[in-house]
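Hi,

Here is the structure I said I would pass on. Have a look at it first, and then read on for what I found in it.

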Amino acid sequence: THCISSAASDVYKRQRKYIGSFFLGDIMIRQQQRQQAQNVAMVPTCLIIEDSKFDQLRMTRMINKSVADMQIYVATTLREARILLAENRISMILLDNNLPDGLGADFAIELADLKIFSHIPVVMVSDWPSPFMWEKAATAGVLHVVNKSEFGLDYLMDALRHAKTRQAVLH
């Protein structure tokens with residue numbers, strides 16, 4: 001049982017909009033509670049949504065070599081990604097398109113439609129970026145769409161710059 005303030009309860013009731021397997025109100029309350037508990041400098045965080053272990057390892061190694069203090073979360077499905085987004089403050093997302101439970105491009109649109117997540121820069125990293133995927137990514141405001149073989153440090157650092165800029169605007 002969670003004890004929430006009257007104001008938070010009102011927000012919860014007004015914002016009970018269903019997304020995936022979560023309610024937006026639940027996510028907002030969790031994030032508000034975490035923000036109140038954390039009055040420390042923000043450590044950048046990256047959520048890698050990728051079902052290939054090889055590509056997870058490749059992206060994780062690139063981040064660890066390039067960004068000293070970035071925390072990394074890895075999800076192999078969109079369901080796992082939703083849980084990690086609900087429980088953690090995410091600075092940027094590296095997103096595969098073909099996942100076991102859906103398309104990354106559809107998930108990017110879902111995030112863009114939610115004010116609480118729309119500020120997070122997304123880089124789609126896919127084996128075969130199709131014109132259909134490019135169109136959905138553009139609709140969602142995805143920062144970059146990159147073939148996995150071309151993904152490199154420049155895309156990662158650009159996403160990190162966007163994350164820092166957007167975080168500064170939010171606070």
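Before the strands, one term: two strands count as paired if DSSP finds at least two bridges between them. With that in hand, strand S3 (residues 45-49) and S4 run parallel and are joined by 5 bridges. One spot to look at is Ile48, which stands opposite Val74 in S4. Please keep in mind that this is a predicted model.

**The whole chain**

The protein chain has 171 residues, and 46% of them count as buried. Its secondary structure comes to 7 helices and 9 strands. If you take the contacts between residues at least 6 apart in sequence, 65% of them join residues at least 24 apart.

**The sheet**

S3 and S4 belong to an open sheet of 5 strands, in the order S4-S3-S5-S8-S9, with parallel pairing. Strand S4 (71-75) and strand S9 (144-147) are at the edges with a single partner strand each, so one side of each has no neighbour in the sheet. From one strand to the next, the twist averages 20°. As background, strands of a sheet pair through backbone hydrogen bonds, and they can do so parallel or antiparallel.

Now go across to S8. S5 and S8 run parallel and are joined by 3 bridges, and Ile93 stands opposite Val122 in S8.

How much of S8 is buried? S8 is mostly covered, with 5 of its 5 residues buried. Val122, Met124 and Ser126 point one way from the strand, while Val123 and Val125 point the other way, and all are buried.

Helix H5 (residues 104-112) lies across S3, strand S5 (92-95) and strand S8 (122-126). H5 runs at about 160° to S5.

**Two helices with a buried side**

Which of its residues are buried? They are Met133, Lys136, Ala137 and Ala140. Seen down the axis of H6, the buried residues fall within an arc of 100°, so they line one face of the helix. Pro131, Glu135, Ala138 and Thr139 are on the other side of H6 and are exposed. The cover over the buried residues of H6 includes H5, S8 and S9. Just after H6 comes Gly141, with a positive phi of about 75°.

Helix H3 (residues 53-66) can be read in a similar manner. Its buried residues are Asp55, Gln56, Met59, Thr60, Met62 and Ile63. These cover an arc of only 160° around the axis, which puts them on the same side of H3. Lys53, Phe54, Arg61 and Lys65 are exposed on the other side of H3. The length of H3 can be checked as well: at 1.5 Å a residue its 14 residues should span 20 Å, and the end C-alpha atoms are 20 Å apart, which agrees.

Thr76 is in the loop between S4 and helix H4 (78-87). What does Thr76 touch, leaving aside its neighbours within four places in sequence? Thr76 is in contact with Glu50, Asp51, Lys53, Gln56, Leu99 and Pro100. Thr76 and Glu50 are 26 residues apart along the chain, yet their C-alpha atoms are separated by 5.1 Å.

The other one is His162, which lies in helix H7 (residues 153-170). Is His162 buried, exposed or partly exposed? The relative accessible area of His162 is 28%; buried means under 20% and exposed means over 50%, so His162 is partly exposed. Leaving aside neighbours within four places in sequence, His162 is in contact with Pro121 and Leu143.

Cheers

Notes
Residues are numbered from 1 along each chain as its sequence is written. This is a predicted model: local features need pLDDT of at least 70, side-chain atom pairs count only at pLDDT 80 or more; totals for chains, interfaces and linings use all residues. Side-chain values use heavy atoms; hydrogens and water are left out. Helices (H or I, at least four residues) and strands (E, at least two) are DSSP runs, numbered from the N terminus. Axes are lines fitted to C-alpha atoms, for helices over the stretch in contact, and angles run from 0 to 180 degrees between N-to-C directions. Contact means heavy atoms within 4.5 Å. Buried means under 20% relative accessible area, exposed over 50%, partly exposed in between (1.4 Å probe, protein chains only). The expected span of a helix is 1.5 Å times one less than its number of residues. The arc is that of the directions from the helix axis to the C-beta atoms.
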